[in-house]
Amino acid sequence: MTHLATEKLTAMYSKFTAVKNVSLTFPANHVHALIGPSGCGKSTLLRTLNRMHEMTPGGWITGKVLLDTEDIYAAGVNPMQLRRRVGMVFQKPTPFPTMSIYDNVCAGLKVNGRPARKETREIVERALRRAALWEEVKDRLDQSAIALSGGQQQRLCIARSIAPEPQVLLLDEPTAALDPQATQRIEELVFELKRDYTIVIVTHNLQQAARVSDTTTFLYLGHMIEHGPTRQLFTAPKNDQTEAYITGRFG
Amino acid sequence: MKRRGLRRWISNGMVVIMAVAVVVAVMPLLLILGTLVVKGAGSINLAFFTQTPVPAGETGGGVAHAIVGTLMIVGAACVIGLPIGISAGIFCAEYPANPLARTTRFLADVMIGTPSIVVGLFAWTWIVARQRHFSGFAGSAALAVLMVPMVMRTTEELIKLVPNSLREAALALGYPRWRTSLVIVVRTALPGIVTGVLLAVARVAGETAPLLFTALGSQFMSTDLKAPLAALPLVVFTYATGPYEDWHRLAWATALVLIIVVMLLSIAARLATRQRFDRKG
């Protein structure tokens with residue numbers, strides 16, 4: 001079952017081409033890792049999947065991105081509504097500093113016409129439980145989100161992203177700013193979350209890609225070099241460049 | 001070795017020069033405060049705050065009318081100026097490359113440097129001369145014109161300080177752009193914007209020149225913005241240049257009150273900023 005796919009996707013910043021003619025399929029309920037050296041276009045590719053790329057000045061694309069066979073770049077698709085179906089978590093934890101923990105989790109619900117108060121409480125608890133944060137914050141939901149540790153903040157951001165029940169979760173180097181212990185918690189979480197979501201994760205950490213993902217795509221200079229099941233890509237890469245990268249000879 | 005000794009001497013010399021410069025810079029403020037306290041503090045009592053002026057030549061009386069007048073004029077100036085200044089600041093920060101934003105930013109910078117008496121003249125021409133009478137409202141309009149560029153530029157700078165990652169996080173949740181700006185970005189910058197507003201209020205509360213030929217001043221208690229109104233800076237001007245010893249006494253006291261009000265506003269502004277950093281930990 002193909003859930004998310006790109007077709008001949010090219011992403012530009014003004015005249016610079018960051019992603020070149022990439023066609024990829026992401027089956028549902030799997031974790032997909034995008035790997036490659038800095039500047040290879042993996043973050044840009046990720047940002048085209050929820051139309052955040054076009055929010056960067058000069059950002060535009062050609063080609064298609066299909067979500068359940070519907071082209072998300074077709075005329076008439078509202079990018080705001082699309083982003084409620086495709087959640088995103090960034091490299092740096094971004095809790096809203098003026099909001100409490102509770103309100104942070106609710107933040108994405110409010111835009112869709114806020115559900116009833118009781119229902120909201122249940123959604124918040126469910127999202128925090130799924131993000132493995134509930135036990136740590138259940139007694140201080142009304143406190144500032146800034147008081148949490150970096151790892152907790154990132155799990156809060158994940159809770160915030162999944163509260164509106166998206167179909168896809170995009171993770172842009174979600175552990176790059178975290179210590180190893182917090183990283184491990186997020187990785188376990190990703191493994192749990194794939195039961196409910198299709199997950200695309202960008203990572204600089206090859207071990208992380210090997211640990212959490214089912215399929216991996218190696219990008220280099222905007223080109224898709226190799227795409228395949230993670231185990232195969234890491235143990236028997238078909239492409240020389242892929243092999244050179246995963247064995248640490250460049251990148 | 002010798003070189004290092006020389007460097008240390010130069011370094012110490014520079015530190016001394018800078019310390020002297022700091023003392024020289026602070027000196028006028030201390031002298032002003034000291035003089036005001038010595039000459040004005042003795043005249044400050046309950047009557048000073050609660051009574052209106054007595055007929056010229058008699059002793060006693062207070063500046064209650066000017067306190068009320070200043071509150072009215074500055075309050076009305078805020079009502080006119082803050083919405084415009086804050087909105088324009090948000091616009092310039094959110095659409096930095098927009099030609100209108102660029103023009104506005106440039107004009108605001110020019111306006112900040114414009115002498116306040118020019119603004120007073122402007123208010124006189126457009127309001128006083130047309131209505132054929134002085135009014136507190138004309139003074140408010142002049143002060144509002146002075147506030148707008150200050151408030152606008154502070155708002156813009158503080159909104160720019162909000163990390164772009166917060167904006168992206170909100171957009172990625174499906175927030176429309178206007179909602180991201182208001183609910184996330186402006187809300188995050190709000191303590192700083194309040195600080196900017198307080199500083200702007202402190203600045204215009206002490207303005208004299210634009211009020212001279214707009215609000216004009218008055219000897220009577222009044223809250224009518226359509227008529228001439230008293231204001232603390234005008235009281236200082238009138239009393240200090242008047243012929244009576246008792247007036248001079250009141251002028252000193254009023255000047256002291258004015259500077260204390262401005263200082264309190266500045267301190268409030270500092271506290272608003274501090275609170276923000278406390279919360280960030």
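This is a predicted model: local features need pLDDT of at least 70, side-chain atom pairs count only at pLDDT 80 or more; totals for chains, interfaces and linings use all residues.
Residues are numbered from 1 along each chain as its sequence is written, while chains are lettered from A and ligands numbered from 1 in the order in which they are written. Helices (H or I, at least four residues) and strands (E, at least two) are DSSP runs, numbered from the N terminus.

**Helix α4 of chain A**
- The buried residues of α4(A) are A:V124, A:A127, A:L128 and A:R130.
- Viewed down the axis of α4(A), these buried residues fall within an arc of 160 degrees, so they line one face of the helix (the arc is that of the directions from the helix axis to the C-beta atoms).
- Among the elements covering the buried residues of α4(A) are α3 (101-110), α5 (134-137), α6 (150-162) and α7 (180-193) of chain A.
- After α4(A) comes A:A132, which has a positive phi, near 55 degrees.

**Strand β7 of chain A**
- Strand β7(A) (residues 168-172) has five of its five residues buried, so it is largely enclosed by the rest of the structure.
- A:V168, A:L170 and A:D172 lie on one side of β7(A), and A:L169 and A:L171 on the other.
- β7(A) runs parallel to β6(A) (residues 86-89), to which four bridges join it (strands pair if DSSP finds at least two bridges between them).
- A:M88 has A:L170 of β7(A) as its bridge partner.
- Five bridges join β7(A) to β8(A) (residues 198-202), and these two strands also run parallel.
- The β-α-β crossover from β7(A) through α7(A) to β8(A) is right-handed (with the strands pointing away from the viewer, the path from the first strand over the helix to the second runs clockwise).

**Chain B and its contacts**
- Chain B has 11 helices and zero strands.
- Of the 281 residues of chain B, 40% are buried.
- In chain B, 17 residues are in contact with 21 residues of chain A (contact: C-beta atoms, placed from the backbone, within 7 Å).
- On the side of chain B that touches chain A, α7(B) gives the most, with six residues.

Conventions
A residue is buried if 20 or more other C-beta atoms lie within 10 Å of its own, exposed if 12 or fewer, and partly exposed in between; C-beta atoms are placed from the backbone. Two residues are in contact if their C-beta atoms, placed from the backbone, lie within 7 Å.
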